[in-house]
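The following exercises concern the packing of secondary-structure elements. Please work through each task before reading its solution.

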Amino acid sequence: MERIFKDTRNAERILQLTADTMLLVDEEGNCIDVSTHSSLWVLQEEFLLGKNLFNLLPEGTRNEFAADLRNVLKTQKEFTRNYSLRTSREKFYFKCIMHPFDGRVLCQCRDITERSNVKRQLEIANQKLSENESKIRRLNTLLDAIMKNLPAGVVVKDIENDFRHIYRNKEAHNRLSIIDKGYAIGKTDMELHEPFYALQIREEDIEIARTGKSFHRIFEDRDANGQRIVLDKLKMKLESEGLSPLILSIEWNITELEDMKRQLEQAKMKAEKSDKLKSAFLANMSHEIRTPLNAIVGFSRVIMECDDPKDREEYYEVVKTNNERLLNLINEILDLSKIESGIIEFTYSKMPLDELCNDVFQAHVFRCPPKVQLVYEPSDRAIYTTSDKNRVFQVISNLIGNALKFTVEGSISFGYRLETDHILFYVRDTGSGIASDKVDKVFDRFVKANSHVQGTGLGLSICKTIVERLGGEIWVTSELGKGTTFFFTLPIEGSGTLDELPDNRDIEMSLLAATTAQSTLIQKPVEEIVVLVAEDTDSNYDLLEAVIGNKYKLIRAHDGIEAVTLFEELRPDLILMDIKMPNLDGLEATRIIRELSPETPIIAQSAYAYEQDRNGALQAGCNDFIAKPIMIDILNEILGRWLPT
């Protein structure tokens, strides 16, 4: 074996080139010679000389080394690569520069273990740094998205830089009337807000910076569009070592929440008030209902046991008066409920106001006590307006009825006049008046100006509801001990003078004329007249039999189907048709009978007593309408229109 490094001449020449470990290796991987300068123990002479490197190197390094060795011998070109050696204890790295040398390869090897470890550590550190930077970027992206879309205004200011803005999110920018959202950055509140508001903010910031205490308050403000908003504001001081302290301000827009809270509080107060009013109403209604019932029950018994006709007539008037009073109580409750729930539809038509007020006068003049005079004061008789005649009549009647309760002597006057943009109605009395602390409450439900006066406390509330539904207003002026005046208005639209109205403006008069003409069709003795009574309630039929059974021959139908069947069989002279009946209601039965006989008089009788119920009956084919509870004199009056007496 030739030892080139033992040859002094060759050794000196080679060793002058480098102090690295030198190996002379043949094509088969045999180590022919080794320099004595190896610092890596696995590359020392006693370990490598005469050995085959392919057998000493790990498999991965061996394959690379063998391939590189053959490539250098083939190409006769220098080649450099880093190789790794792993022992049971540790891992080594060396750099090998291969030189072609007389059919063999001279390997210049350098121990780079320490440098490779440092490089590896740097690579690991760089990898971790890159991973951390990615996490930070991801976190920043997440935080930025959160801050931009957070439904709260976030502002950050630098305390040591004159409290200048260094951050404002989207919601905070919405509070400024500034188009460029970046405009606020680097500026103070003095440059962004009105002086008074900016000074207030600056005082808050200085106090927080000085004390380090957080600041929290709820207040009302205006947004950039001038709309009212309610804000929940939190400001605090943030400190970090090595960095200047910051002021963090967070504002939540709680307008909807605050409005809902106020609505709930108002609803609670209203519910509590309604509960108290309900209790008062029930107590009041118990008294108001029991009072007429007591008279009705008591005097009904007295009438039965009384033999004197004059006394019986007097007692009957007491029962009748209390019946009307009880019915009015029920009607007031039903009226308010139906009007407010929208069940009742208002029927608008042109109505002459003078004619309306005369009807009101005739309805109430005989109800006045002896010392009270009802006066319809002169008004423009040519004025008419478009409204619901029955509801306006009801309002004026309620106001007059209310005045009668508080006027022992003197007068009650009413009327109307044309104002600039409305028609003004008034009802004035010389009664006891209303205390000043109760004037504003008289239109509330169940409120009574005087608890000793009869009534439910619903009448004025009903008036207010009707007037407002008709598009007007109602109010009251009063002086205790001197009297009260109620005013209400109706819109002037649709108003005019009577010469603009058609000649045939009173539908009810036309109907009455038609009914009078109709009554002449029946030409037979009274005792031979047959009346079909369609009534499903026994007591209601018994009442009719007691009242008119001695005049006419009555036949009873228990429902609508039986009414149609009996009509076809008997052809009665008149039908008293109840509206609500089982199997087939009265309106459907009327429509069927009308197809069989257009001329037979049909009178609807029903506890459905509103105007739309009357109109519905007339549209179905009924000739007339009577509301329950049936008043005997009204029943006789209606029958007198259609039957001989």
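**Exercise 1.** In which crossing, right-handed or left-handed, does H11 pass H12?

*Solution.* The model is predicted: local features require pLDDT of at least 70 and side-chain atom pairs pLDDT 80 or more, while totals for chains, interfaces and linings use all residues. Residues are numbered from 1 along each chain as its sequence is written, and side-chain values use heavy atoms, without hydrogens and water.

Step 1. Helices (H or I, at least four residues) and strands (E, at least two) are DSSP runs, numbered from the N terminus.

Step 2. The axes of H11 (residues 353–364) and H12 (residues 389–406) come within 10 Å and cross at roughly 45°. Axes are lines fitted to C-alpha atoms, for helices over the stretch in contact, and angles run from 0 to 180 degrees between N-to-C directions.

Step 3. H11 is therefore oblique to H12; oblique covers what is left after under 35 degrees (roughly parallel), over 145 (roughly antiparallel) and 65 to 115 (roughly perpendicular).

Step 4. The crossing of H11 with H12 is right-handed, meaning that the near helix is turned clockwise from the far one.

**Exercise 2.** State the order of the five strands in the open sheet.

*Solution.* Step 1. The order is S7-S6-S10-S9-S8, with antiparallel pairing; two strands pair if DSSP finds at least two bridges between them.

Step 2. S7 (164–168) and S8 (215–222) are the edge strands, each with a single partner, so one side of each lacks a neighbour in the sheet.

Step 3. From one strand to the next, the twist averages 25°.

Step 4. S9 (residues 228–238) and S10 (residues 246–253) are joined by eight bridges.
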